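Subject: Structure handover

Hello,

The sequence and structure you asked for are below.

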Amino acid sequence: EEGIMVAIRMRPLNSKESSGGGSSKPARVWRVLQKYNSVTQTTTDNKPLPERIHGRSFFTYDRTFGEKSTTKEVYEDVAKGIVQS
């Protein structure tokens, strides 16, 4: 079956982001939920925003990769079949 697959890879925080950009906590506001192939906006404590907050952001993809995923993992899972066809 042919179709479009949409995948996302969350990059690690860069040095400025991981140092908190001057604040005490890192600036991560998105989290990959690989079990659900989704990305969700989070609080500064890295918890998903509660349902009651207006404008909550939650996105679902065909495949998600967390910030510890390697380029090889992404290639093997998403691109290899396309490249070899």
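What pLDDT does the protein chain average? The chain of this predicted model averages a pLDDT of 81, and 81% of the residues score at least 70. pLDDT is the predictor's confidence in each residue, from 0 to 100. In the protein chain, helix α1 (residues 15–18) has the lowest confidence, with a mean of 77, and strand β5 (residues 63–65) has the highest, at 95. Helices (H or I, at least four residues) and strands (E, at least two) are DSSP runs, numbered from the N terminus. Where pLDDT is low, the predicted coordinates should not be read in detail.

Two notes on how to read the values. Residues are numbered from 1 along each chain as its sequence is written, and side-chain values use heavy atoms, with hydrogens and water left out. As this is a predicted model, local features need pLDDT of at least 70 and side-chain atom pairs count only at pLDDT 80 or more, while totals for chains, interfaces and linings use all residues.

The sheet

Three strands form an open sheet in the order β2-β3-β4, with antiparallel pairing (two strands pair if DSSP finds at least two bridges between them). β2 (30–33) and β4 (58–60) are at the edges with a single partner strand each, so one side of each has no neighbour in the sheet. β2 pairs with strand β3 (residues 38–41) over 4 bridges, in the antiparallel sense. Leu-33 stands opposite Ser-38 in β3.

The salt bridges

A salt bridge is a side-chain nitrogen of Lys or Arg within 4 Å of a carboxyl oxygen of Asp or Glu. By this rule there are 2 salt bridges. One joins Asp-77 and Arg-63, with the closest N and O atoms 2.2 Å apart. Asp-77 is in helix α2 and Arg-63 in strand β5, so the pair ties together parts that are 14 residues apart in sequence. Glu-76 and Lys-80 also meet in a salt bridge, at 3.3 Å from N to O. Both of these residues, Glu-76 and Lys-80, lie in helix α2, 4 residues apart, about one turn of the helix.

A buried serine

Ser-69 is in the loop between β5 and α2 (71–83). Its relative accessible area is 11%, so Ser-69 is buried (buried means under 20% relative accessible area, exposed over 50%, partly exposed in between, with a 1.4 Å probe and protein chains only). Leaving aside neighbours within four places in sequence, Ser-69 is in contact (heavy atoms within 4.5 Å) with Arg-9 and Gln-34.

Regards
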